[in-house]
Amino acid sequence: MTTQIKHDDLSQAREHIHNQICQKYSDIYNWFCSKTKELEYPIYSSYDIRDSGWKVTNVDANIYPAGFNNICPTDKETSVELFKKYITTHYPFQVKKILLITEEHTKNPYYLENVYTISDLLTQGGYQVRLAFPKDLPETLHLESVTGHQLQFGSGYENSKWVQDFNPDLVLSNNDFSIALEEWATHLTKPMNPPRELGWYQRKKSRYFQNYNKLATEFCDVLQVDPFLMRVETEEMLDFDISSDVSRDRLAQQVDVFLQNLALKYKAENIQQTPFCFVKNNAGTYGLGVIKVNSAQEIKEWTYNARKKMKAAKGGREIEQVIIQEGIPSIIRSEQSSAEPVIYMIGSELAGGFLRTHADKSETESLNSPGAVYKKLCVTDLYDKRMTCPKENVYGWSAKLGLLAIGLEAQQMNIHFQKYEKAKCGSI
């Protein structure tokens with residue numbers, strides 16, 4: 001039997017979930033561990049969370065996260081041991097040397113700061129780290145991060161001198177593989193985490209959210225709360241072609257039905273919010289290919305710029321499938337800016353977080369866009385003060401559900417982590 005709440009207090013849903021988590025912690029811990037021991041899951045991941053007051057849910061997941069440089073400084077300290085714990089648990093052979101394969105953002109000093117941070121955390125853990133691009137390079141490149149850290153990159157081909165001289169035990173990827181890079185991958189014999197096959201060249205958001213919603217329902221059943229509080233309604237549309245009038249009309253019809261169904265659900269839950277949704281690239285990242293939609297008519301009236309936004313994604317790939325996702329407004333504010341929490345995980349454990357804020361965006365818009373500013377949000381206190389950290393507690397569990405959803409994705413796609421050993425989850 002689930003316990004119901006009235007939605008007349010904007011913080012009540014989060015507090016309700018938090019209280020139930022604290023009361024039933026042993027039950028959800030056992031439930032979570034029973035899932036993790038059956039799955040293979042990546043060394044790191046990150047999750048965008050939206051908190052409307054009447055719903056707290058996960059709206060995006062990244063298996064190859066950038067932004068480690070933005071997590072809370074205290075969380076960075078604990079992340080050193082979390083990396084060591086994950087590697088020694090899941091790779092029981094001795095790992096000493098790690099080749100970090102990155103994006104080729106040679107002119108993005110902020111991304112390079114993320115690369116430096118990951119490398120530094122691993123180095124503090126006692127690992128030797130070498131950086132590489134998944135391409136041929138005639139000579140090494142010397143690049144500088146936004147804070148002045150000097151980074152050296154070489155060719156990531158296994159037969160290159162840069163890799164052969166290093167002879168890594170494990171390849172860690174921070175490249176999201178929006179492009180398959182099959183020619184590079186055919187030469188790779190070392191185990192890689194996360195696997196290339198979980199890259200955006202074939203991963204689908206629709207599969208992730210099907211798994212996330214299924215897990216959120218199971219989780220809420222254990223908590224004895226209404227699953228509505230943690231689910232995000234999501235549908236997919238296949239064979240999408242932004243240049244086709246027929247395709248746009250079909251999308252508009254699906255959006256119309258989707259919003260009508262949301263309106264009925266909101267009315268039943270006594271929620272005053274007017275439903276809206278986002279149309280998103282089903283295989284996209286970096287906030288590209290995302291448009292807020294308030295009505296089906298908006299789609300029929302999309303301007304040239306809106307159509308251009310939904311035509312191509314990272315790497316120039318055509319957008320061929322989209323998802324329609326329930327829009328979740330955010331009650332989180334940082335000073336005068338709209339904000340949303342972003343939670344990072346290392347393996348099955350919370351590693352850190354930050355608030356993504358945007359002064360030029362409203363509480364109903366996507367904040368993952370140019371102009372975003374990152375503010376402090378720590379998760380370390382949860383280890384000692386769970387009862388007094390309701391936000392971090394609930395946001396953290398949404399991220400943990402996301403981690404399980406990724407594990408199920410890999411399982412359903414028949415993707416295996418080479419030389420990886422499954423294990424029971426640790427302390428959470």
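Colleague: In which hand does helix 2 pass helix 12?

Modeller: This is a predicted model, and in it the axes of helix 2 (residues 25-36) and helix 12 come within 10 Å and cross at roughly 25°. Since an angle under 35 degrees counts as roughly parallel, helix 2 is therefore roughly parallel to helix 12. The contact is made by Tyr25, Ile28, Trp31, Phe32, Lys35 and Thr36 of helix 2 together with Trp397, Lys400, Leu401 and Leu404 of helix 12. As for the hand in which helix 2 passes helix 12, the crossing is left-handed.

Colleague: Is Ala410 buried or exposed?

Modeller: Ala410 is found in helix 12, which spans residues 390-412, and beyond the residues up to four places away in sequence it touches Glu40, Leu198, Ile415 and Phe417. Buried means under 20% relative accessible area. Because the relative accessible area of Ala410 is 1%, this residue is buried.

Colleague: How far apart in space are Ala410 and Cys277, C-alpha to C-alpha?

Modeller: Ala410 belongs to helix 12, whereas Cys277 stands opposite Glu326 in strand 12. Along the sequence Ala410 and Cys277 are 133 residues apart, and in space, from C-alpha to C-alpha, their separation is 27 Å.

Colleague: What angle does the direction of helix 8 make with that of strand 12?

Modeller: Strand 10 (residues 277-281) and strand 12 (residues 322-326) pair in the antiparallel sense over five bridges, and they belong to an open sheet of four strands with the order 9-12-10-11. Helix 7 (residues 205-223) lies across strand 9, strand 10 and strand 12, and runs at about 35° to strand 12. Helix 8 (residues 245-268) also packs on the sheet, where it touches strand 9, strand 10, strand 11 and strand 12, and its direction makes with that of strand 12 an angle of about 20°.

Colleague: Which residue in strand 4 stands opposite Lys97?

Modeller: Strand 3 (residues 97-101) and strand 4 (residues 128-133) run parallel and are joined by five bridges. Opposite Lys97, the residue in strand 4 is Gln128.

Colleague: Why do helix 3 and helix 4 count as roughly perpendicular to each other, and in which hand do they cross?

Modeller: Helix 3 (residues 73-90) and helix 4 (residues 109-124) pack at an angle of about 70°, with their axes 8 Å apart. Because angles of 65 to 115 degrees count as roughly perpendicular, that description applies to helix 3 and helix 4. Their contact is made by Lys76, Ser79, Val80, Phe83 and Ile87 of helix 3 and by Thr117, Leu121, Leu122 and Gln124 of helix 4. The crossing of helix 3 and helix 4 is right-handed.

Colleague: Which side chain is joined to that of Glu349 by a polar contact of 2.8 Å?

Modeller: Glu349 is found in strand 15 (residues 349-358), and because its relative accessible area is 8%, it is buried. The partner in the polar contact of 2.8 Å is the side chain of Lys85.

Colleague: Phe177 and Asp239 each have a positive phi; which of them counts as exposed?

Modeller: Phi of Phe177, in the loop between strand 7 (170-173) and helix 6 (182-185), is near 50°, and at 0% relative accessibility Phe177 counts as buried. Phi of Asp239 is about 55°, although this residue is not a glycine, and its place is the loop between strand 9 and helix 8. Exposed means over 50% relative accessible area. Because its relative accessibility is 64%, the exposed residue is Asp239.

Colleague: What is omega for the cis peptide bond from Asn193 to Pro194?

Modeller: Pro194 is found in the loop between strand 8 and helix 7. The peptide bond that leads from Asn193 to Pro194 is cis, with omega near -10°.

How values were computed: Residues are numbered from 1 along each chain as its sequence is written. This is a predicted model: local features need pLDDT of at least 70, side-chain atom pairs count only at pLDDT 80 or more; totals for chains, interfaces and linings use all residues. Side-chain values use heavy atoms; hydrogens and water are left out. Helices (H or I, at least four residues) and strands (E, at least two) are DSSP runs, numbered from the N terminus. Buried means under 20% relative accessible area, exposed over 50%, partly exposed in between (1.4 Å probe, protein chains only). Contact means heavy atoms within 4.5 Å. Two strands pair if DSSP finds at least two bridges between them. A polar contact is a pair of N or O atoms within 3.5 Å; within protein, one must be able to donate a hydrogen and the other to accept it, and residues adjacent in sequence count only if both atoms are side-chain atoms. Axes are lines fitted to C-alpha atoms, for helices over the stretch in contact, and angles run from 0 to 180 degrees between N-to-C directions. Angles under 35 degrees count as roughly parallel, over 145 as roughly antiparallel, 65 to 115 as roughly perpendicular and the rest as oblique. A crossing is left-handed if the near helix is turned anticlockwise from the far one by less than a right angle, and right-handed if clockwise.
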